[in-house]
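Subject: Structure handover

Hello,

I am passing on a structure that you have not worked with before. Please find it below, followed by notes on what was found in it.

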Amino acid sequence: MKRFTVASFILLFTVVFSVVSYFLICTKIDKITELMISDRDITVSTGEADRKRTDSIVSEWEKNEVLLVSLLTHHELEDIEIGVRCLHDYMQQGLTEEYIKTLNECINKLRHVKETELPDTKNIF
C-alpha cells in the first residue's frame with residue numbers, strides 16, 4: 001500500500017508541476033510578446049526605435065530568461081536571446097528595418113514556443 005501511495009503522490013506532483021509550469025511559461029511569454037508587439041507597432045508608425053521601449057524589452061527578457069531556459073529546451077530560446085541582444089545595436093545604429101525584422105522574428109518564435117508547450121495531441125504524437 002505504501003508503494004501505491006508514493007506512486008500516486010509522485011504522479012500528482014508531476015501533473016501539478018507540469019500545469020503550473022505551463023501557465024507560468026505562458027504568462028511570461030505573453031508579457032514579453034506584448035512589449036515587443038507594442039514596440040513594433042510604435043516603431044513602424046514613427047519610423048524609429050526608442051531607447052526606453054528597447055530597454056524595457058531587454059530587461060523583461062533578462063528578468064525571465066533564467067526561468068524560461070530552466071523549463072524549456074535551450075535550442076528554441078537561443079535565437080530569441082540573440083535577437084533581443086541585437087535590438088540595442090540596431091537601435092543605436094538607426095537600423096529601423098532590421099530592428100522591426102528582429103522584433104517580428106522574436107515574436108514569431110515566442111509564439112511558436114508557447115504553441116509547442118501546449119499539451120494537445122499534435123504536440124504529443
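This is a predicted model. Its mean pLDDT is 89, and 96% of the residues of the protein reach 70 or more.

α1 and α2

The axes of α1 and α2 come within 10 Å of each other and cross at roughly 160°. Angles over 145 degrees count as roughly antiparallel, so α1 and α2 are roughly antiparallel to each other. Their crossing is left-handed. Sorted by class, the contact of α1 with α2 has 13 nonpolar, five polar and six charged residues.

α2 and α3

Helix α2 spans residues 51–71 and helix α3 spans residues 74–93; their axes come within 10 Å and cross at roughly 160°. This pair is therefore roughly antiparallel too. α2 passes α3 in a left-handed crossing. On the α2 side, the contact is made by Arg 51, Thr 54, Asp 55, Ile 57, Val 58, Trp 61, Glu 62, Glu 65, Leu 68 and Val 69. On the α3 side, the residues are His 74, Leu 77, Ile 80, Glu 81, Val 84, Arg 85, Leu 87, His 88, Met 91 and Gln 92. By class, this contact of α2 with α3 has ten nonpolar, four polar and six charged residues.

α3 and α4

Helix α4 covers residues 96–117, and α3 packs with it at an angle of about 155°, their axes 9 Å apart. That angle makes α3 roughly antiparallel to α4. Here again the crossing, of α3 past α4, is left-handed. From α3, the residues that meet α4 are Glu 76, Leu 77, Asp 79, Ile 80, Gly 83, Val 84, Leu 87, Tyr 90 and Met 91. Their counterparts in α4 are Glu 98, Tyr 99, Thr 102, Leu 103, Cys 106, Lys 109, Leu 110, Val 113 and Thr 116. The contact of α3 with α4 divides into eleven nonpolar, three polar and four charged residues.

When you look at α3, note that Leu 77, Ile 80, Val 84, Leu 87 and Met 91 are listed both in its contact with α2 and in its contact with α4.

Regards

Key
Residues are numbered from 1 along each chain as its sequence is written. This is a predicted model: local features need pLDDT of at least 70, side-chain atom pairs count only at pLDDT 80 or more; totals for chains, interfaces and linings use all residues. Side-chain values use heavy atoms; hydrogens and water are left out. Axes are lines fitted to C-alpha atoms, for helices over the stretch in contact, and angles run from 0 to 180 degrees between N-to-C directions. Helices (H or I, at least four residues) and strands (E, at least two) are DSSP runs, numbered from the N terminus. Angles under 35 degrees count as roughly parallel, over 145 as roughly antiparallel, 65 to 115 as roughly perpendicular and the rest as oblique. A crossing is left-handed if the near helix is turned anticlockwise from the far one by less than a right angle, and right-handed if clockwise. Contact means heavy atoms within 4.5 Å. Ala, Val, Leu, Ile, Met, Phe, Trp, Tyr, Cys and Pro count as nonpolar, Asp, Glu, Lys and Arg as charged, and the others, Gly among them, as polar. pLDDT is the predictor's confidence in each residue, from 0 to 100.
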